Amino acid sequence: MSGLREKYGLSADMPCHVAIIMDGNGRWAKRRGLPRAAGHRAGMEALRALIESSSQFGVAALTLYAFSTENWKRPQSEVSALFELLVEYFAREIDELHANGVRIRVIGDVLPLPERSREALALAETKTDKNSGLMLNLAINYGSRAELVRAMRSIAADVEGGALCPGDIDDDLLAGRLYTAGLPELDLVIRTAGEQRLSNFLLYQAAYAELIFTDTYFPDFGEEEYAKCIAEYQRRNRRYGGL
């Protein structure tokens, strides 16, 4: 673990929880004259190295924006290809992820997903549930606004049923109703491919997270680029509203 940090001159002050908006697969493919599906496959290959690097850097939790609630607007052929890649990824990688102690958790509404995809995700969660290594959180059919609405409805139902008083509602209660309940505080959000917005991703959780945007397309986002983002995070002075 420390060996990889030393390789890139990083201190032990690592972000505990990193979230990554994996953007640019389609543009990566277009620049090479390839179909968008080829870009998503290249992104899947990059994902394996990213997970391994996170473990070696000493990151405790990694949350990946894999499919947003808005991604359903894409062509049906592309959406179907994405979900087939998801099934293929877990069929190929789950044993190694499990052997490396990775614990997989899905955040988002998986009910609208194809049955094969839901089954692959459920199996991955069940198989790795007792692992104590990297917490790998996959945001699939996830949108932060929908997450907050879901949490508010849950709290409102408890107030209506008498289980809660309005005065009981605080930051901790709300955080406990989000998909990310129980995860470490979010420290760093990285977005690849040059766009500089959160795109409805972890809006509440990112309140004090550091934001880093890189022009690198996700299929090219390797260990060295990841280390550069962490180095930038370590150079920043996180004041949390203080001096």
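Glu 223 is partly exposed, at a relative accessible area of 23%. The class sits between two limits: buried means under 20% relative accessible area and exposed over 50%, with a 1.4 Å probe and protein chains only.

This is a predicted model, in which local features need pLDDT of at least 70, side-chain atom pairs count only at pLDDT 80 or more, and totals for chains, interfaces and linings use all residues. Residues are numbered from 1 along each chain as its sequence is written, and side-chain values use heavy atoms, with hydrogens and water left out.

**Salt bridges**

Glu 223 pairs with Lys 7 in a salt bridge, with 3.0 Å between the closest N and O atoms. Such a bridge needs a side-chain nitrogen of Lys or Arg within 4 Å of a carboxyl oxygen of Asp or Glu. Glu 223 belongs to helix H8 (residues 223-235) and Lys 7 to helix H1 (residues 2-7), so the bridge ties together parts 216 residues apart in sequence. Helices (H or I, at least four residues) and strands (E, at least two) are DSSP runs, numbered from the N terminus. Lys 7 is exposed, at 56% relative accessibility.

By this rule the model holds 20 salt bridges. Three of them are listed here.

| Salt bridge | N to O distance |
|---|---|
| Glu 223 and Lys 7 | 3.0 Å |
| Arg 32 and Asp 220 | 3.7 Å |
| Arg 48 and Glu 93 | 3.4 Å |

The side chains of Arg 32 and Asp 220 form a salt bridge. Arg 32 lies in the loop between helix H2 (25-31) and helix H3 (36-57), and Asp 220 in the loop between E6 and H8, so this pair ties together parts 188 residues apart in sequence. Arg 32 is partly exposed at 41% relative accessibility. Asp 220 is also partly exposed, at 42%.

Arg 48 bridges to Glu 93. Arg 48 is in helix H3 and Glu 93 in helix H4 (residues 76-99), so the pair ties together parts 45 residues apart in sequence. Arg 48 is partly exposed at 38% relative accessibility. Glu 93 is buried, at 3%. Elsewhere, salt bridges that share partners join Asp 23, Arg 27, Arg 191, Glu 195 and Arg 197 into one network.

**Tyr 208**

Tyr 208 sits in the loop between strand E5 (188-191) and strand E6 (210-213). Tyr 208 is partly exposed, with 48% relative accessible area. Beyond its neighbours within four places in sequence, Tyr 208 contacts (heavy atoms within 4.5 Å) Arg 238, Tyr 240 and Gly 241. Arg 238 is 30 residues from Tyr 208 along the chain, yet their C-alpha atoms are separated by 8.3 Å.
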